[in-house]
Amino acid sequence: MNRRAHPAPAEAARVPAQTRSGEPAREAGGRPAGVPAARGEHTHGERPIPAARPAVQRASVRGQILDALRTALAGGELTPGEVYSAPALGERFGVSATPVREAMQQLALEGAVEVVPNRGFRIVRRGARELAELAEVRALIEVPVVMRLARSVPAERWAALRPLAEETVRAAARGCRATYAEADRAFHRAVLALAGNEQLVQIAEDLQRRAVPLHGGRADLVADAGEHAALLDALVAGELDVVRRLVAGHFATAG
């Protein structure tokens, strides 16, 4: 007479219990029933740890606030020399002080604001000399790169940048410095991206953010945008002398 073998007691203790569906039964901590806890593991019936969604959401809010602050800076809504607290700015944007403080710390790294202990953040006031120095550094980086690209990039790739140049013209016509600053960065970013050097693009964009002046009217924006269109015309035509004159003059008049 055959008898069904039964597992030894020690072996049976390791066999997980099953539900009616055939799935292993689970204890409160999510561990299969009947499986002993590892040494040092304290379950105490705790619930499984949920995904870290709040951290992702906070990062998203910080990014949105950072963009909003950059827009406010470029548009002159935040006055150079004035000190703004994170709670006050948070109230303005309808968020807590934490993402504002985190965004301001990033702006401090970029040189747009200064940390004032126990008070907040002071908007940096850039003088004519500092703006001229920044324009000089940008020229030292961008002029040789553009000239090298002018000799190697085919005309059709320059022509593909025409919509970005036209967007700077439209933004300048509206007279909104914040909108123009973003369109201007997009154009310069696309030009330098043709070099295939992401570090170059990031450094140049950081310098461009620092070099944005908070003065000048619509006429200055329109003149600056017009240089973008003229530069593309010269690049498409392969007129290297004109390209050199335009790109060098573009930074000489910056600020």
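Modeller: Happy to! Let's start with Glu 114, which is partly exposed at a relative accessible area of 39% (buried means under 20%, exposed over 50%, partly exposed in between, with a 1.4 Å probe and protein chains only). Bear in mind that this is a predicted model, where local features need pLDDT of at least 70 and side-chain atom pairs count only at pLDDT 80 or more, while totals for chains, interfaces and linings use all residues. Residues are numbered from 1 along each chain as its sequence is written, and side-chain values use heavy atoms, leaving out hydrogens and water.

The partner of Glu 114 is Arg 122: the two form a salt bridge whose closest N and O atoms are 3.8 Å apart (a side-chain nitrogen of Lys or Arg within 4 Å of a carboxyl oxygen of Asp or Glu). Arg 122 is partly exposed as well, with a relative accessible area of 28%.

An open sheet of three strands runs in the order β1-β3-β2, with antiparallel pairing (strands are DSSP runs of E, at least two residues, and helices are runs of H or I, at least four, all numbered from the N terminus; two strands pair if DSSP finds at least two bridges between them). Its edge strands, β1 (83-84) and β2 (113-116), each pair on one side only. β2 and β3 (residues 120-123) run antiparallel and are joined by four bridges, and Val 113 stands opposite Ile 123 in β3. Helix α4 (residues 97-109) packs on this sheet and touches β2 and β3, its direction making about 120° with that of β2 (contact means heavy atoms within 4.5 Å; axes are lines fitted to C-alpha atoms, for helices over the stretch in contact, and angles run from 0 to 180 degrees between N-to-C directions).

How does our pair compare with others? The structure holds 14 salt bridges. One of them joins Glu 167 to Arg 170, with closest N and O atoms 2.9 Å apart. These two are three residues apart in helix α7, so about one helical turn separates them. Both are partly exposed, Glu 167 at 28% relative accessibility and Arg 170 at 42%.

The buried residues of α7 are Ala 165, Thr 168, Ala 171 and Ala 172. Seen down the helix axis, they fall within an arc of 120°, so they line one face of α7 (the arc is that of the directions from the axis to the C-beta atoms). Their cover includes α8 (177-193) and α10 (218-237). After α7 comes Gly 175, with a positive phi near 75°.
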